[in-house]
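I opened a notebook for this structure and wrote down each thing as I looked it up. The entries follow in the order I made them.

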Amino acid sequence: MTKPVAREPQRRNARSNRARILATARRELGRNPDTTLEELARAAGVVRRTLFGHFPGRAALLEALAEEASEVLRSAMAAGAERIGPAEPAERALAYFVLLMWPVGDRYRMLLALARHDLGVERVSEILAPARAEVTAILERGQRDGAFPAHLPPAVLSAGLEAMTVALLEQVNTGALEDDGTRVALAQLIAAGVPEQRARAVVEDVTPAEPVPGE
């Protein structure tokens with residue numbers, strides 16, 4: 001049987017088209033959440049049929065972005081795993097983790113706003129679950145070591161810090177906030193119970209230590 005020699009180039013072209021559509025969707029939906037799939041196809045430089053061949057509807061496109069965000073999040077966490085080990089003081093670990101995650105959240109901030117409506121709160125929670133678990137572990141360790149006051153259970157406090165981060169990302173969407181992660185890291189430490197002056201010193205110490213993986 002003769003092998004179809006054009007199959008691999010076609011597959012490469014399909015992968016390229018898919019990646020371009022997703023990149024375009026991140027950009028255009030961030031500018032205008034109401035952008036239609038037809039408008040996205042034009043912006044991506046593909047015909048409508050090509051876009052719908054990859055993503056038969058808006059929910060399918062957002063689900064693909066959600067999966068991409070999950071993969072990027074897991075990769076960023078893996079890249080920073082050695083730095084945020086059990087020997088790292090909990091205050092520094094939390095500040096570094098926020099700085100590590102902020103570029104990921106900033107890249108996909110439009111997805112957080114859209115996914116709740118199109119994919120549901122449970123899907124958003126599933127995407128954020130690994131980060132929530134890591135923050136909970138840091139808070140547990142910090143409360144044991146006395147770095148953080150035990151004013152709330154670690155899991156409850158972690159959920160509150162997550163909600164604050166999502167709210168701050170939404171403020172970036174509105175243009176009310178611009179940040180490279182340092183202000184958010186400071187806010188997280190203060191919310192976790194670290195005095196402001198100490199929190200500022202920790203963030204200043206962590207920020208220039210080394211480039212944040214994934215930036």
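**Entry 1: one arginine**

Leaving aside its neighbours within four places in sequence, which residues is R26 in contact with? I looked this up first, keeping in mind that the model is predicted. I found L65, E68, R107, Y108 and M110 in contact with R26. R26 lies in helix α1. I noted its relative accessible area as 17%. The cut-off for buried is under 20%, so R26 counts as buried. One of the contacts is also a salt bridge: E68 pairs with R26, and their closest N and O atoms are 2.6 Å apart.

**Entry 2: the whole chain**

I then stepped back to the chain. I counted 10 helices and zero strands in the protein chain. The C-alpha trace spans about 70 × 40 × 30 Å along its principal axes. The chain has 215 residues, and 42% of them count as buried. I also looked up how far in sequence the contacts reach. Among contacts between residues at least 6 apart in sequence, 70% join residues at least 24 apart.

**Entry 3: two domains**

How is the protein chain divided into domains? I noted domain 1 as 7-56 and domain 2 as 58-206. Their C-alpha centres lie 29 Å apart. The contact takes 13 residues from domain 1 and 11 residues from domain 2. Between them the two domains bury about 1,000 Å², with 73% of it on carbon and sulfur atoms. In domain 1, the residues that lose the most area to domain 2 are L22, R26 and L29, which together make up 50% of what that side buries. Three residue pairs are in polar contact across the interface, both residues of each being at pLDDT 80 or more. On the side of domain 1 that touches domain 2, α1 (7-31) and α2 (37-44) each supply at least two residues. Helix α1 gives the most to that side, with seven residues. I sorted the residues of that side by type and got nine nonpolar, two polar and two charged.

**Entry 4: an alanine in α4**

Is A64 buried or exposed? I found A64 in helix α4, which covers residues 58-80. A64 counts as buried, at 12% relative accessibility. Leaving aside neighbours within four places in sequence, A64 is in contact with R18, L22 and F55.

**Entry 5: an alanine in α6**

For A113 I noted helix α6, residues 109-118. A113 counts as partly exposed, at 40% relative accessibility. The C-alpha atoms of A113 and G181 are separated by 19 Å, and the two residues are 68 residues apart along the chain.

**Entry 6: salt bridges**

How many salt bridges does the structure hold? I found 14, and I looked up some of them one by one.

E63 forms a salt bridge with R123, with 2.8 Å between the closest N and O atoms. This pair links distant parts of the chain, since E63 is in helix α4 and R123 is in helix α7 (residues 121-145), 60 residues apart. E63 is partly exposed, with a relative accessible area of 30%, whereas R123 is buried, with 11%.

R198 and E91 meet through their side chains in a salt bridge of 2.8 Å, N to O. R198 is in helix α10 (residues 196-206) and E91 in helix α5 (residues 90-107), 107 residues apart. I noted R198 as partly exposed, with a relative accessible area of 43%. E91 counts as buried, at 12% relative accessibility.

The side chains of R132 and E162 also meet in a salt bridge, at 2.6 Å, N to O. R132 lies in helix α7 and E162 in helix α8 (residues 154-174), so this pair ties together parts that are 30 residues apart in sequence. R132 counts as partly exposed, at 22% relative accessibility. E162 is partly exposed, with a relative accessible area of 22%.

My last note is on shared partners. Salt bridges that share partners join E63, E67, R74, R123 and E126 into one network.

Key
Residues are numbered from 1 along each chain as its sequence is written. Side-chain values use heavy atoms; hydrogens and water are left out. Domain bounds come from an automatic or database domain assignment. Contact means heavy atoms within 4.5 Å. Buried area is the accessible area (1.4 Å probe) that two parts lose on being put together, summed over both. A salt bridge is a side-chain nitrogen of Lys or Arg within 4 Å of a carboxyl oxygen of Asp or Glu. A polar contact is a pair of N or O atoms within 3.5 Å; within protein, one must be able to donate a hydrogen and the other to accept it, and residues adjacent in sequence count only if both atoms are side-chain atoms. Helices (H or I, at least four residues) and strands (E, at least two) are DSSP runs, numbered from the N terminus. Ala, Val, Leu, Ile, Met, Phe, Trp, Tyr, Cys and Pro count as nonpolar, Asp, Glu, Lys and Arg as charged, and the others, Gly among them, as polar. Buried means under 20% relative accessible area, exposed over 50%, partly exposed in between (1.4 Å probe, protein chains only).
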